[in-house]
Amino acid sequence: MAGLTWNRRTADEIWNRRGGAWFEVIDFVDMQYEGKVRPHPVPASATAAERNSRGVQLTYEQLADAKQALNTAAVYFQKLGMAAPKLPIADGKFYVFVLSNMEHAAGATGLALAADPVEGATPAGAAIVPEGTHLMLNSLEYFAPYADHPFSSKITIAHEMVHAIDQYMVITDGPKDGILEGVNKWWSEGSTDSAPQYAFQTLGYVPENTLKHGARSHTKNIGARPYDYPLTLKGVPRRMPVWVSAGLPTPADAADAAEAADDFWNYNATYFTSSFWRFLYKEEAPVKLDGGGTRPGAFELFPVLRTIQIVGTHINKARANSEWVDTGIPALDDFLRDHHPTWGATGLHRAFPAFIAHFVEWPDQVVKSRSGYLAHQKWLDCLFMDGVDKHELTPNKDITVDLTILPLAAKAIRFETPPVFSVAGDEYAPVTISVSVLDGSGQSNPIDNIHVGLRGQCLANGHSQPGRHGRVRRWSSVKATPLNRSKVNNETVLSFINVAPDPSTTRPVRIRVTVSLQVASSTGQPSYHPPPVERAEGPPVHVPPSVAPRGPEQLPIVPVEIGSEKTTLVLIKNADVVRMVNDSLDTASLMAVSRENEDGEQAAIGAAGRPVLGGPRTAEMGQAMMRSLRVELAMPTLALDHIGPVAGAEVAAEWYEPAYVALAQYGVSPGVRVETDAVQVTITSRNEGAVMGSFSADFSRGSQNVDAIFRGRIEGQFCMGIVHDEPAGDKQAPEDPSAMLPTDFFIGLARAGMSTGDIADALRDAVADMRRDEGQDEPPSRSEGGSPGVSTGATGTCTITRGEFDAWFQETYGQVSGLSSAQRSEIRGQLLENWTFTEQMICNIMGRS
């Protein structure tokens, strides 16, 4: 051990030599670390009191086990391309020390030196073990590890090795013991703790096989921290999660409880943030293969991130929002945009929300278990320490709740979606979700901070509109049933995540959330009794009466658009038609990546049997419409919060009468329409997200029925989500256009080996060009599109031919895993219908002016 030195060149030679690195473990030297003497363990012959207070020196088998762990971890990190650790060297080996009196730390890496004097050593211990960076293991914690599995202590070794590696690898402006200057431990400990769990796979340790048991002691390795408080762990409360405190001794007083809470946030929660880093490094970090396609990530980005530099812009951004943000947030945002295969398209703005949506589903989708703390209620308690309130959602009751969401944090609600009873099988109505900003002080457009997580991904952010308190954004025709109903008590978990387009500027936002079913019920059967048709020659032609098809009593419906003067609610009494329309509007499901669910549907792009509009489905929808009763309820546009009767409403019913086809030569149309203004409407709820109420229409009493040809009644109830509110005006697209797509879109492209960053850049350029060239704040709607190959003027001199579009589309979407031909047709149709925007985007991708 004599002659310990720290030498980068020698360290690299040891690190890279054949056969792996070599380590020596010393357990007979007292060390001084952080101002305290840390005694070495005592021999097995020592008294029981000494053994209990200082631990016992390693046996031959334990020593061999520790060296194996060190060597195995070294090989793992060396293969990842990481630098040698900054540790003392002698005789061609790195030296590691086993000590006691290390408080509750299982290990530590930092400045230390031998205490003076060292037992039996001359000259003084400091000369034998000089001051420098040392890796130290806690003798008491090492043999009584924090988790009940045999690799727990080995993971500690690998974790501390990373800290030692950082001393030579981190090149930021002012590293301190491997911690980035100005960055809290959510980064230094959370990131560091993610990869070490996977360092011992060659020894047979597969983390997921252990973590799936959901043991309390595994929550650290799972990373089950409260994410309803900021990612940076700033602004946390002086209390800890109930599930954590329940397993600890009762505090003596309030001060003791507050101190224990501080320990949790400053120590435990920092390590628990490994779940976020694991998502970035492994769970959604696909690696391209030379022969095409990808494989799952395996921490390839782990060493890349550790060379990141904190620069002046990062420091300035952190200072401008120091209450919530540290320099790690802008640095990580830049890193993702520069290096990440999936989140290069979006940066942290969508990466962190996507993680929250993913982590809510993590037990079922990754480890496929609900054991222990992975059980539904316990899991939610781990992720959201302030609770996830359950709300009632019925055809007669929507959900309205106010939430305050801290920066880079999330809140969630839960509810059960009731089945539509009159439809055969398990049929569930879609929902409309609306979010309005109540308070977003200090932020230019806080509605763009809000991301909605559901079924493992974040929904696409469409246009927002002015609302009563702030801007409103709506998501309609959303499939909201849980992926695995029986495992989550049939409860849908809806998360709301607060990350601004520039994440460093994120501040608290208070929002109002409304969730409403898209469902209606109606009874009654109108009929049409036309008079005979007169002919120039011969007797009049008898036209038989026509009775409307009944259809189901209760069924899902499409969302409503509030008109400037009149609002028309449409009830189509055919479940197949409504399902096809809603499915075509549900972009999140259309672009979803494969996820298992208990129905075996895979909830994936191209899920078998999932109907969408476009291509062959158009004909199928037309046939279904011919079997349908279509009811229109038109009424004057309602003021916000209107409750009670509505005057001036009208109802029309339409259906197809096959018997009239043969009478077409006499001018009889097979399309029947009956109308009435003898209508009573009562509104029970009209908020920014939904309209609810009841109606009753008497076709025989309407003023339109002068010839007494309309008969019958129809009445019912409706709960309709609002897709757009025309009187509000001022539609505005998200500031970051990448938010206009669901996060699974980028995940799917990355898994297919495509560059999401290039696509996102082209999307942003296209939107910017549209706004500049057309003098508007948004790209044109689908109805405003042009035709392929015809320049509309918005793209300057650049035009794209149909052949170029076909080639680009095939390259972009042809290899996306799991994308069905029907859904590929739907995406293609949307691009062609919005040709002006599509043409500009492709021009930017191809580098044309």
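Predicted model: local features only at pLDDT ≥ 70, side-chain atom pairs only at ≥ 80, totals over all residues.
Two cysteines are worth a word here. Cys-458 has a relative accessibility of 0% and therefore counts as buried, the cut-off being under 20%. Cys-719 is buried as well, again with a relative accessible area of 0%.

Now to helix packing, starting with α3 and α6. Helix α3 covers residues 60-79 and helix α6 covers residues 152-169; their axes come within 9 Å and cross at roughly 50°. That angle makes the two helices oblique to each other. The crossing of α3 and α6 is right-handed. On the α3 side, the contact involves Asp-65, Ala-66, Gln-68, Ala-69, Leu-70, Ala-73, Ala-74 and Phe-77. Facing them in α6 are Lys-154, Ile-157, Ala-158, Met-161, Val-162 and Ile-165. Sorted by class, this contact has 11 nonpolar residues, one polar and two charged.

The second pair is α12 and α16. Here the axes of α12, residues 274-283, and α16, residues 348-360, come within 10 Å, with a crossing angle of roughly 105°. So α12 and α16 are roughly perpendicular to each other. From α12, the contact is made by Ser-275, Phe-276, Arg-278, Phe-279, Leu-280 and Glu-283. The α16 residues are Leu-348, Ala-351, Phe-352, Ala-354, Phe-355, His-358 and Phe-359. By class, the contact of α12 with α16 comes out at nine nonpolar, two polar and two charged residues.

To recap the angles: α3 and α6 are oblique, and α12 and α16 are roughly perpendicular.

Methods:
Residues numbered from 1 in each chain as written. Heavy atoms only, no water. Axes fitted to C-alpha atoms, helices over the stretch in contact; angles between N-to-C directions. Helix = DSSP H or I, 4+ residues; strand = E, 2+ residues; numbered from the N terminus. Parallel < 35°, antiparallel > 145°, perpendicular 65-115°, else oblique. Contact = heavy atoms within 4.5 Å. Nonpolar A, V, L, I, M, F, W, Y, C, P; charged D, E, K, R; others polar. Left-handed = near helix turned anticlockwise from the far one by under 90°. Buried < 20%, exposed > 50% of the residue type's maximum accessible area, 1.4 Å probe, protein only.
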